[in-house]
Amino acid sequence: MGPTENRRSLRNQERVATSAMIFDIKRYAIHDGPGIRTTVFFKGCPLACPWCHNPEGVSHEPQLMWWRRRCLACGDCSEACSEEAISFAEGDLEVDRARCTKCGECAAVCCSHALQVIGRTMTPGQVMEVLEKDRVFYEESGGGVTFSGGEPLMQQEFLHDILRTCRQHGIHTVVDTSGYTEPDTLLRVSDDVDMFLYDLKIMNDDAHKKYTGVSNESILENLRLLSEHGSEAVVRLSLIPNVNDDVGNIGELGAFVASLKNVGAVHILPYHRAGISKAKRLGESGEIFENVPPSSDILSSVENRLRGFGLEVRVGG
Ligand code: SF4
Ligand code: SF4
């Protein structure tokens, strides 16, 4: 085998070896970009927003979820667990997370589907098989695939591979990102991305650090970089009452977005409480963030304020 074949073979091996930790694939999505889409959710996120509506996307590792309402308290899972990681206290199933290896034996014996291991390793080929099933919907509606999470850019090798493959297969691609990554990582994939959904949360850096655990400096710089690069992007603003709905934050965000090229739209995503029950199913310890969704008055005031910057604004994805 000559050097060229060697390199080709190596590249093929790398391609075979590339995989990602995925926690869900949602077909027929209509809020994650244009048209009818398939949304692929990557596991793992560098931010720790307490209001996250996908808390199962924060950890990169697989996690065991328990649905209390489905549970018959039969104890079969506890018997099946060779690690003795499952116990019951006052009717609640408790998992010793330190012992649990996420083997899934408990979920396999649960007849009411009250247990599930969230997160599995998938190759680009396996994901493409799912996408190809819905090609007709993409073509009819102007849709495609959206890579979301979690943070898809944290698994950049896989993302890079699958974006390339989608481009070769003529599938429209959207990447939904927090923007918290190295500029090189973003630029490496950007030419194979048709549209970014770019999440902005809080403009004040101290408040951003307080709520998300990271600075917003690189997030803002990366969005400017994408705009200068000519990438199409829509800003998504998760609106959390008493966290980021104040006049100062909305004004600063509107002025920043209006100063960018290729970023003319802001989609407001009102806070909702779906993340609370998911966090409980994951058995998360510590205080769970609870809030109320923004009122219609707050939503229209934020909408109008952003429109005042000449931006196209809508509520919803
Ligand atoms: S096997 Fe399923 S239904 Fe039975 S106790 Fe375990 S979680 Fe509940
Ligand atoms: S996933 Fe495996 S180790 Fe964890 S609780 Fe279930 S059976 Fe036990």
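Q: Where is N242 found?
A: N242 sits in the loop between β11 (233-239) and α10 (247-258). Keep in mind that this is a predicted model.

Q: What is phi of N242 near?
A: Phi of N242 is near 65 degrees. That is a positive value in a residue other than glycine.

Q: Does N242 count as buried or exposed?
A: N242 counts as exposed, at 70% relative accessibility.

Q: In which sense do β1 and β2 pair?
A: Strand β1 (residues 20-29) and strand β2 (residues 37-42) pair in the antiparallel sense, over five bridges.

Q: Which residue in β2 does K26 stand opposite?
A: K26 stands opposite T39 in β2.

Q: What about β11 and β12, parallel or antiparallel?
A: β11 and β12 pair in the parallel sense. Six bridges link them. V235 stands opposite V266 in β12.

Q: Why is β12 largely enclosed by the rest of the structure?
A: Strand β12 (residues 265-270) has six residues, and five of them are buried, so the strand is largely enclosed.

Q: Which way do side chains point in a regular strand?
A: In a regular strand they alternate between the two faces of the sheet.

Q: What sits in the loop between β8 and α6?
A: G150 is placed there. A cis peptide bond joins G149 and G150. Its omega is about 10 degrees.

Q: How many residues are between the strands, and which one takes a positive phi?
A: There are two residues between the strands. E90 takes a positive phi near 50 degrees.

Q: Now helix α8. Which residues are buried?
A: In helix α8 (residues 205-212) they are H208, Y211 and T212. Seen down the axis of α8, they fall within an arc of 80 degrees, so they line one face of the helix.

Q: What covers the buried residues of α8?
A: The cover includes α9 (217-229).

Q: And which exposed residues does the face turned away carry?
A: The face of α8 turned away from its buried side carries D206 and K210.

Q: Let's do the ligands. Which residues come nearest to ligand 1?
A: C71, L72, C74, C77 and C110 come nearest, of the 14 residues around ligand 1. By class, the shell has eleven nonpolar, two polar and one charged residues.

Q: What is around ligand 2?
A: The residues around ligand 2 include C81, C100, C103 and C106. L64, E83 and K102 are also among them. By class, this shell has seven nonpolar, two polar and three charged residues.

Q: Last one: where is F309?
A: F309 is in the loop between α12 (296-307) and β13. F309 counts as partly exposed, at 30% relative accessibility.

Q: Which residues is F309 in contact with, leaving aside neighbours within four places in sequence?
A: F309 is then in contact with I250, G251, G254, A255 and A258.

Q: And what separates F309 from W67?
A: They are 242 residues apart along the chain, and their C-alpha atoms are separated by 45 Å.

How values were computed:
Residues numbered from 1 in each chain as written. Chains lettered and ligands numbered in written order. Heavy atoms only, no water. Pairing = 2+ DSSP bridges. Helix = DSSP H or I, 4+ residues; strand = E, 2+ residues; numbered from the N terminus. Buried < 20%, exposed > 50% of the residue type's maximum accessible area, 1.4 Å probe, protein only. Near = heavy atom within 4 Å. Nonpolar A, V, L, I, M, F, W, Y, C, P; charged D, E, K, R; others polar. Arc of directions from axis to C-beta. Contact = heavy atoms within 4.5 Å.
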